[in-house]
Amino acid sequence: MTRKKPQGPVMVIGGGIAGIQAALDLSTAGFGTYLVERSASLGGMIPHLHRIFPLCSCCKVDTRIALCEQDPNIKVMLNTTVQNVSGKAGDFQIVLESDGKEAKITVGAIILAAGLEPFDPTSFDTYAYGHLPNVITSVEFEEMQKPTGPQQGQVLRPSDNEPPRKIAWLQCVGSRDINRCDAPYCSSVCCMYALKEAVNSKEENSDTETTIFFMDMRTHGKGWERYFNQAVDQGVQLIRSRVHSVTPIAESDDLLITYADESGEAKRETFDLVVLSVGIRPSSEAVSLARNLGLELDEDHYLASKPFSSTGTNIPGIFACGGINGPLDITQSLIEASSAVSEVTAFLEAVPFAGPLSFPEPTPVPADPPGIFVAYHLCPGMDESIAKVIQEYASTLPDVTAVSKISGDLLGSLVDGIKSSKGNRLVFASCTPVTHKNLVETALRLAGLNPFLYEMVDLRNTDAAPPASQLKDVIRMGVARAAFISPPDLKKIPVEKRALIVGGGLAGLVRGRERFSRDPGGKTGKTWRKRVSRLTHLAGI
């Protein structure tokens, strides 16, 4: 007999990349999800970074953020903190505070995704961070490199706003050190981000001298050693030495590093800029929340976990993922987020906030000349003159039936605009429009059109100043491409809800156990129970 599961929505605490992924996975599984973030925006540390190893722009997290904000089954709660949690698995009562007001919410499970914070190096007197302007942290350096950052991608010395010719990275600041930072562990990400920053600097200006002072270069991930070798080939210098101190040079903004090389010989070298590769640790707010919840912590203040269940905690119904579990990189955090959701679905029945959308059958693409609806959305702070140029110019283009600015309820505005314009194609213009891809395709389906009858125009790097030729060019090209779209045929394919697990190692055994735990009384569950229960017991799972 199949046991009855408790029912309820889920709360995800923490709006970093792990929390965002957990919320999206929960919504896909049919759960109503509260996504609680104490700050004013989602994204965690990623929006402060320039690139994700090796080349990917960090703006891609914007797509996931937009999906959370647009999903009717995800309620994003910013500037919100957890005050109290009571109850048990399947029936937790949570008291939240936002803008001085308290609210009580009942959920069936909790995923704690409160993440990391960078080490504050002000306690390292020998590096003089905070006293010498040209000693900065790796996070500050990343923000300099960001094209959308305060310096628009220009790396300049804080002391004189001049480009640095020689840059040094000092590794393991706040990691592998029990004397000054109480962090005996490796932060796992610092070696790769220092290589990435150095390579980016060389690519920006090949004459820039880049030197990394390291204890051990731990390039253990897939493709990491290859990237390490490429960095060396590009001229990134690596010196195995733990630098003791950074000292200023009199009557200069330059910095002197004295170190011993691997042979023990003392050397001195001058640099324009010193970057401290700071380690990561669980945020103080996350540690405080975990303690208030009664969750067990290890000696490094991360959540204590079982060897074969990194997302489980000592309290049934509360799961964890991302930086609160350990010094994880982005990929590991995403994997853990999905794993935590899998644990939730194994014991909790989904209760959605909104039912599935009902879509009409798409009308056939007409053979007549296309009718193109041009919609545009301007982010806060964008030049309003862009709207005037789009409105006036797009209206003059062939096959354009209507032009409209959308705001507020973007989905509803798009659907209404498509229907009222009698268009059969869409051109959507906005800053980073790929973040609205899911919304655009949903709007087309709700309007009764093929969801692939659209073209996107990126307004992020356009100029509306007279004669606005660049902006007009991208709008004209978007409309021209939309006119020639030949969408694929839509087909409904039935899905057989059975899975084949290939491989009988620990990963296969654990996945099999999860599979039959969801349907323990069914035929599949009984079969797996016989084959897996003894093996997982012997493995200690």
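Trainee: Why does Asp254 count as buried?

Mentor: Buried means under 20% relative accessible area, exposed means over 50%, and partly exposed is in between, with a 1.4 Å probe and protein chains only. Asp254 has 18% relative accessibility, so it counts as buried. This is a predicted model: local features need pLDDT of at least 70, side-chain atom pairs count only at pLDDT 80 or more, and totals for chains, interfaces and linings use all residues. Residues are numbered from 1 along each chain as its sequence is written, and side-chain values use heavy atoms, with hydrogens and water left out.

Trainee: Where is Asp254 found, and what does it touch?

Mentor: Asp254 is found in the loop between strand 16 (246-248) and strand 17. Contact means heavy atoms within 4.5 Å. Leaving aside residues up to four places away in sequence, Asp254 touches Arg157, Thr247, Pro248, Ile249, Thr270, Phe271 and Asp272.

Trainee: What makes Tyr34 and Phe353 an edge-to-face pair?

Mentor: Rings of Phe, Tyr and Trp (its six-membered ring) pair if their centres lie within 6.5 Å; planes under 30 degrees apart count as stacked, over 60 as edge-to-face and the rest as tilted. The structure holds 6 aromatic pairs. In this one the ring centres are 5.0 Å apart and the planes stand at 65°, so the pair is edge-to-face. It links distant parts of the chain, with Tyr34 in strand 3 and Phe353 in the loop between strand 22 (349-350) and strand 23 (372-377), 319 residues apart.

Trainee: Which class of accessibility does Tyr34 fall in, and which does Phe353 fall in?

Mentor: Tyr34 is at 12% relative accessibility and therefore counts as buried. Phe353 is at 28%, so it counts as partly exposed.

Trainee: What kind of aromatic pair do Phe213 and Tyr259 form?

Mentor: Phe213 and Tyr259 are edge-to-face, at 5.0 Å centre to centre and 65° between the planes. Phe213 lies in strand 14 (residues 209-214) and Tyr259 in strand 17 (residues 255-260), 46 residues apart, and the pair links distant parts of the chain. Both residues are buried. Together with Phe271 they form one aromatic cluster.

Trainee: Why do you speak of strands 2 and 3 as paired?

Mentor: Strands (E, at least two residues) and helices (H or I, at least four) are DSSP runs, numbered from the N terminus. Two strands pair if DSSP finds at least two bridges between them. Strand 2 (residues 10-13) and strand 3 (residues 33-36) have 4 bridges, so they pair, in the parallel sense. One of the bridges joins Val12 to Leu35 in strand 3.

Trainee: Which strands stand at the edges of the open sheet of 5 strands?

Mentor: That sheet has the order 6-3-2-10-21, with parallel pairing. Strand 6 (74-77) and strand 21 (318-320) are the edge strands, each pairing on one side only. Neighbouring strands are turned by 20° against each other on average, direction ignored.

Trainee: What is the handedness of the crossing of helix 3 and helix 4?

Mentor: A crossing is left-handed if the near helix is turned anticlockwise from the far one by less than a right angle, and right-handed if clockwise. Axes are lines fitted to C-alpha atoms, for helices over the stretch in contact, and angles run from 0 to 180 degrees between N-to-C directions. The axes of helix 3 (residues 138-145) and helix 4 (residues 190-204) come within 11 Å and cross at roughly 35°. The crossing is left-handed.

Trainee: Which residues of helix 3 meet helix 4?

Mentor: Ser138, Phe141, Glu142 and Gln145 in helix 3 meet Tyr193, Lys196, Glu197, Asn200 and Ser201 in helix 4.
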